[in-house]
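These are my notebook entries on one model.

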Amino acid sequence: MRSSRLAAADLVRVSLLGIGARKLRAALSVLGIAIGIAAIVCVLGISQSSAAGLQHELDRLGTNLLTVQPGQSLTGDQSTLPLSAEQTLTNGPYVQQVSGIAPVSGTVVRNKRIGSIITGGISIKAARPNLPSVLRGEVAQGVFLNAATSNYPVTVLGAVAARRLGVTTLRPDTAVRVGGKTFTVVGVLAPIELAPDVDRSALIGFAEAERAFRIDGSAATVYLRTDPEHVGEAAKTLAAAADPAHPDLVSVSQPSAALSARLAAKKTFNSLFFGLGAVAVLVGAIGIANVMVISVLERRSEIGLRRALGATRGHIGGQFIGESLALALLGGLAGCALGTLVTVGYAHYKHWEAVIPATVLPLGLAGALLIGTVAGLYPAARAARLSPTQALAR
Amino acid sequence: MSPVIELHDVRKTYPGPVEVLHGIDLTVERDEQVAILGPSGSGKSTLLNLIGILDRPTSGTLVVGGQDIAALTDRRLAGLRAATIGFVFQQFFLLDYRTALDNVADGLLYTATPLRERRRRAAEVLDRVGLGSRFGHRPAQLSGGERQRVAIARALVGRPALVLADEPTGALDTANGAAVLKLLSELHDDGTTLIVITHDPSVAAAMDREIHIRDGRIHPEPT
């Protein structure tokens, strides 16, 4: 004589049929788990995507840009770099590229009819022709200064300066008033992340600045690109290279450090949102357990009938665990899909590359299965314990 | 050949303690059609649960299909139910979300028969009970009489040695009840042993043998 048997495929079928018979209830009962898992996938996916976006930006800008500026003396006076600083820095160890800017006093306005008091926060700076290349800046319109145009009254506007001056499209006759003189605008820069002060400037050639505004031709801020492998060592020697007499009056900084710090912050776990997601999943699990308990109560006669047809306690328990697992898995799949969708959508909106850590989706599903088992244990045990005579009693 | 069921001095006590069956001796041979008659509270439902091995006796010997059930584990009992006994209930107990064909095929669910074979045999039996055109209907789309015929088909699909019917006509009108009774007695031709539990003398009269039960004891004559 044979024991009662239920093939694995039939167990799965029986479990799924129970859900199929109550579709709306199943959908509502998996909502909690779906939302919780979606929240967790979103938290991890969006933080990873934004970190990837920042990393991408850092890679593009490079972390090997150093800025050399005059620091403050002990008495609090602003010092200046020696005239030769730019030249000596070019010969510094690991230095690959050097460019510089120097402030020019004066205001920038759109035309003569605007008083010079309304500066719009735009400053005048003398710039070397290789400035965009060192800062990895892009020219949005027109061209940058070159060796020839540096000798003439022409200017290139930073992104913010151009907007404030109302220069949207360049024409051959586009001109602004720089320090009381008319300068032709030959180019507009795109925003430069590593040097925001350049964005708010009207850049002119050093030669023109020396001629028209009587500056001494030395750079006040020197930008350097160093060998990426030796940024730290280069930074240590640069103060002495810039001003051998007073290295303590020279400040050397790394503009990308702020971006790197932001990146590090993004990579730290967003535990608050993760916690909220976990709470949603827990509530979802309780929801499934609840629905399963009700289902067991409602289906007493089905349980009795199945026992009469030859089901063992194990078959009945297995059927209800299977239902609970299938519900949780449905919720898990829906949550993973929803979370992925939101992450991809948000990353697209932010112009990031969507990144979802490879472990998140399998972990989400494994978590859902675990929840399904735990949530189903008590209802399944109740169903299995029900004696067939009780279940069939009128 | 051994009898289909044998009961020797079977007693059943429920917590209380209340003894519901006070020593039942009963033998049903193969091919017999037996009616167990008694008023409500007589203990006939308890007897049905024991014969259907849905429950175990408190004391005494119960042999079903040649197996002494005291020696069997719950798992073996379930296997014996699946292989040996077909149940027909007063309330049909069909699954609302399953078609007539699948309800019948589920009669073989716990016997490790492949799905295709279960469906094939279910179709055969549904044809035999005259529901050949109702395979795809759900219970809600069937009349009471048709539902009971589906339930009878489900009891028969496993070719059980014993069909156990509990008030099979109780929820049906006279005409449908008569049709169901006729269908059950036709089983006799197939050599199926039938035990019908009822309080209705006209149902009992359609069987070969009547057993009267009252206050937990078998009486030789109606009382």
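At what angle do α2(A) and helix α12 (residues 313–349) of chain A pack, and how far apart are their axes? I find an angle of about 35 degrees and axes 6 Å apart; axes are lines fitted to C-alpha atoms, for helices over the stretch in contact, and angles run from 0 to 180 degrees between N-to-C directions.

I note that this is a predicted model, in which local features need pLDDT of at least 70 and side-chain atom pairs count only at pLDDT 80 or more, while totals for chains, interfaces and linings use all residues. Residues are numbered from 1 along each chain as its sequence is written, and chains are lettered from A and ligands numbered from 1 in the order in which they are written.

Next I looked up the cores, sets of buried Ala, Val, Leu, Ile, Met, Phe, Trp, Tyr and Cys residues joined through C-beta atoms within 7 Å; buried requires 20 or more other C-beta atoms within 10 Å. The largest has 118 residues, and Ile33(A), Val104(B), Ala153(B) and Ile195(B) have the most contacts inside it. Helix α2 (residues 23–61) of chain A gives the most to this core, 14 residues. A second, separate core of 54 residues includes Ala85(A) and Ile122(A).

Lastly, I noted the extent of chain A: its C-alpha atoms fill a box of roughly 110 × 50 × 35 Å along the principal axes. Buried residues make up 43% of its 394 residues.

How values were computed:
Buried ≥ 20, exposed ≤ 12 C-beta atoms within 10 Å, placed from the backbone. Helix = DSSP H or I, 4+ residues; strand = E, 2+ residues; numbered from the N terminus.
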